[in-house]
Amino acid sequence: MEQREFGRLGRKVSVVGLGTWQLGADWGEVDERDALTVLEAAVEAGVTFFDTADVYGDGRSEQLIGRFLRERPDAGIFVATKMGRRMPQLTENYSLDNFRAWTDRSRANLGVDVLDLVQLHCPPSSVHSSEAVFDALDTLVAEERVAAYGVSVETCAEALAAIARPGTASVQIILNPFRLKPLEEVVPAAREAGVGIIARVPLASGLLSGKYTKDTVFAENDHRTFNRHGEMFDQGETFSGVGFEEGVEAAVEFAELAPRGATPAQTALRWIVQQPGVTSVIPGARSPEQAPLGLFLPAVPGPPAAAAGLPPLPDTTLDAVGDLYDRRLRAQVHHRW
């Protein structure tokens, strides 16, 4: 699998990583055996980048990754975690004392002395203008609790504020064929500054897999049920902020753009990694059969070595994606995020 330079970190990570929210919570039940098998399957496919957070299952996701790292010390995995959602979302809670406590907990969960990358977990917009917050993050690096820090954001404005900070190593942002706004300013600015871009929610919470209909019902403990209208956290985290019924209709059109032998999900990921400036995309997987939901699964069953990456999508497909977004989705999502 292709490995890309992670900007200011001076390290390389796989262009397709693994998001592990679903291994902790909010996507229905995933038992421990399946979770560990998902991690193993991702590594066998060439994944070297895991993304997690301290609140995914109240630390369960981090703990599972920590167990996997102990069992596979040879895997060479770069782990990015997140912090900041364990307390009310007030700027004053983003303090050095809390940062130390949160990173100590994550280091224990992951079983490491130094975190590879810690990201602020979609903090309030006011956090991005706080000198004290970024001074505290610099202190974490100086104290060798973390090797580097970044920010996971909801909006393009927040991303641009983070990129302007000299210590920011990465920005994690929603980017997929149903969310194109980051391509206008954020991705070019990050590329110019040497800041890594981690593309999250790459399949619009599964919409871009083409598997859902308007009658699809998700489990009660799945955020696609309880956060469909932003009841628990930012609506953009669920279906990229697209209304479910409209998203299903748009996904039908998107599926028609998939090259022969490729799934809609693979096409969506190919589209993302083809964007100049993207470092890694982090689809999730709830079962070994889904891992990795990447470009490198063979179109027909066969040994992993037989899998090959999809060739770059042609300009006609890229134009068709832009047209689909403009016609069906821009009005819903562009002005909010």
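Two strands count as paired if DSSP finds at least two bridges between them. Strands (E, at least two residues) and helices (H or I, at least four residues) are DSSP runs, numbered from the N terminus. This is a predicted model, in which local features need pLDDT of at least 70 and side-chain atom pairs count only at pLDDT 80 or more, while totals for chains, interfaces and linings use all residues. Residues are numbered from 1 along each chain as its sequence is written, and side-chain values use heavy atoms, with hydrogens and water left out.

**Overall form**

The protein has 10 helices and 10 strands. Its C-alpha atoms fill a box of roughly 50 × 45 × 40 Å along the principal axes. The radius of gyration, taken over C-alpha atoms, is compared with a globule rule of 2.2 Å times the number of residues to the power 0.38. For 337 residues a compact globule would have a value near 20 Å, and the 19 Å of the protein agrees with that.

Contact here means heavy atoms within 4.5 Å. Of the contacts between residues at least 6 apart in sequence, 75% join residues at least 24 apart. A residue is called buried under 20% relative accessible area, exposed over 50%, and partly exposed in between (1.4 Å probe, protein chains only). Buried residues make up 53% of the 337 residues.

**The sheet**

Eight strands form an open sheet with parallel pairing, in the order β3-β4-β5-β6-β7-β8-β9-β10. β3 (18-19) and β10 stand at the edges with a single partner strand each, so one side of each has no neighbour in the sheet.

Strand β8 (residues 168-174) is mostly covered, with 7 of its 7 residues buried. Strand β7 (residues 149-152) runs parallel to β8 and is joined to it by 4 bridges. β8 also pairs with β9 in the parallel sense, over 5 bridges. The table gives residues that face each other across these pairings.

| Residue | Opposite residue | Strand of the opposite residue |
|---|---|---|
| Y149 | T168 | β8 |

A crossover is right-handed if, with the strands pointing away from the viewer, the path from the first strand over the helix to the second runs clockwise. The chain passes from β7 through helix α5 (residues 156-163) to β8 in a right-handed β-α-β crossover. β8, helix α6 (residues 186-193) and β9 make a right-handed β-α-β unit as well.

**The interior**

A nonpolar core is a set of buried Ala, Val, Leu, Ile, Met, Phe, Trp, Tyr and Cys residues joined through side-chain atoms within 4.5 Å. The largest one has 81 residues, of which F50, F99, L120, L137, V171 and F178 touch the most other members. Apart from this core lies another, of 10 residues, including V13, F78, A148 and I198. Leaving out residues up to four places away in sequence, F99 touches M83, Y94, L120, V133, A136, L137 and L140.

Helix α9 (residues 264-273) is largely enclosed by the rest of the structure, because 10 of its 10 residues are buried. Among these buried residues are Q266, T267, R270 and W271. The elements that cover them include β1 (3-5), β9 (196-200), α8, β10 (280-281) and α10 (315-333).

**Single residues**

A disulfide is a pair of cysteine sulfur atoms within 2.5 Å. A search of the whole structure finds 0 disulfides. C122 is in none, and the nearest cysteine sulfur, that of C156, is 13 Å away. C122 lies in the loop between β6 (117-121) and α4 (131-142). At 7% relative accessibility, C122 counts as buried, and C156 is buried too, at 9%.

Although C122 is not a glycine, it has a positive phi of about 50 degrees. V201 is not a glycine either and has a positive phi of about 50 degrees. V201 sits in the loop between β9 and α7 and is buried, with a relative accessible area of 14%.

Not counting residues up to four places away in sequence, N227 touches M232, F233, D234, Q235 and T238.
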